[in-house]
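Look at the fold as a whole before turning to single residues. The text after the display goes in that order.

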Amino acid sequence: MIVYGSEYSYFTGKFEAYLRYKEIPYVRRPLGLTLYAWRLPRLLGAAQLPTVQLPDGRWMTDTTPMIAWLEDRHPEPPILPSDPLQRLVALLIEDFGDEWLWRPAMHYRWSFAEDRRLLSGRLSRELVRAPLPLALRRRWFARRQRRLFVTGDGVDARTRPHVEAAYRRVLDILDPVFAERPFLFGERPTIADIGLFGPMFRHFALDPTPARLMRNRAPSVFEWVARMWNARAVRIGGRPLAEGVPADLEPLLAEAGETHLPMLAANALAHASGRAHHDFTVQGVTYRSVPTSRYRVWALARLRDAYLGLGAADAAAAAELLGRAGCLDPLLSVDELDSGHDAEGSAPFSRVSRMVRD
Ligand SMILES: N[C@@H](CCC(=O)N[C@@H](CS)C(=O)NCC(=O)O)C(=O)O
């Protein structure tokens, strides 16, 4: 398969971690201007990184359903825990990595001069291959990213301390976990590790400012990033997972219950009432006028369905754990979760639902 993406992209990194773990052969190519602005919008309605072309010519996108689709074809060893409660928590952590840590990752890359300079150069050299001076391309790229993903996503002088504290808190929660064991649930990676890897690898571990924080504050997380990149199922896929949900993951669930899930719930309410932008308040901080996302409604529905699909005994245990962590209310608070994304149920071959457009 050809993975059109970027060497510096969040979701390309997440997807590559999975392919490398399973040793599924692929080549990565830059998703350049022609694909971005011309071919993919015609094929899939919009473009995002990564977008994959399979050997049979089909195109697919969105890492979460792509990994689920590949997992059906490469089931051994499974990346999803067989214990239903662990599986639900792992999917929740995957989505926390996908959707909640996105904002701090973009903020650190595009709000700090050193990071912005480095990454606008790298990304415009890789992706914006136009016959224009590099200085012009990088200025255009940096401005676009800041406008769409920082100032346009509710990050301002008022919310900035909270965005940065969110990253530090996750480092502080994860550092003792990875000092204790190699992966979140035990001796081998699960979808939870793959999901957290998106922000942690290509952004937090490699962009200068958050990487410095990670090295100094959470060296065990830094070590896990390298371990995850080097993990191969043939070597470690048979190793055991912990029993149940380890107690040291509960603070991460509590963080998701205070931030990620209320954000998804506010987004779902805004979507149901047809608002293109909305405000949401988490941990006492209000983010204003963030774009409403169909994809995030779909993501919340998927988590809720995973919870509602549990058998009686697992459902009781999940209600207890998620209730204690403050996740249950925001998970169930919105009745109307008709996202319109992937209406035919054909993901990862469905059309793209982008949160923002140029
Ligand atoms: N839900 C998608 C998200 C993909 C995504 O948002 N990728 C980012 C780059 S890492 C992107 O394409 N952003 C749009 C842009 O920069 O124009 C997934 O799981 O792959």
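This is a predicted model: local features need pLDDT of at least 70, side-chain atom pairs count only at pLDDT 80 or more; totals for chains, interfaces and linings use all residues.

Residues are numbered from 1 along each chain as its sequence is written.

The chain contains 17 helices and six strands. These are DSSP runs, numbered from the N terminus: helices are H or I with at least four residues, strands are E with at least two. The C-alpha trace spans about 60 × 45 × 45 Å along its principal axes. For 358 residues, a compact globule would have a radius of gyration near 21 Å, and the 19 Å of the chain agrees with that. The radius is taken over C-alpha atoms, and the globule rule is 2.2 Å times the number of residues to the power 0.38.

Contacts show how the chain folds back on itself. Two residues are in contact if their C-beta atoms, placed from the backbone, lie within 7 Å. Of the contacts between residues at least 6 apart in sequence, 75% join residues at least 24 apart.

Which residues are around the ligand? They are S9, Y10, F11, Q48, L49, D62, T63, T64, D98 and Y295, each with its C-beta atom, placed from the backbone, within 6 Å of the ligand. Helices α1 (10-22) and α3 (63-73) each supply at least two residues of this shell. By class the shell has four nonpolar, four polar and two charged residues. Here Ala, Val, Leu, Ile, Met, Phe, Trp, Tyr, Cys and Pro count as nonpolar, Asp, Glu, Lys and Arg as charged, and the others, Gly among them, as polar.

Now to the interior. A residue is buried if 20 or more other C-beta atoms, placed from the backbone, lie within 10 Å of its own; 45% of the residues of the chain are buried. In soluble globular proteins, nonpolar side chains tend to be buried together. The largest nonpolar core has 95 residues, and V89, I93 and V221 have the most contacts inside it. Such a core is a set of buried Ala, Val, Leu, Ile, Met, Phe, Trp, Tyr and Cys residues joined through C-beta atoms within 7 Å. Beyond its neighbours within four places in sequence, I93 is in contact with L184, A192, G195, L196 and L252.

In helix α9 (residues 191-205), 15 of 15 residues are buried. V225, in helix α11 (residues 219-229), is in contact with M200, F201 and A205, leaving out residues up to four places away in sequence. V225 is buried because 22 other C-beta atoms lie within 10 Å.

Terms used:
A residue is buried if 20 or more other C-beta atoms lie within 10 Å of its own, exposed if 12 or fewer, and partly exposed in between; C-beta atoms are placed from the backbone. The bend at a residue is the angle between axes fitted to the seven residues ending there and the seven starting there.
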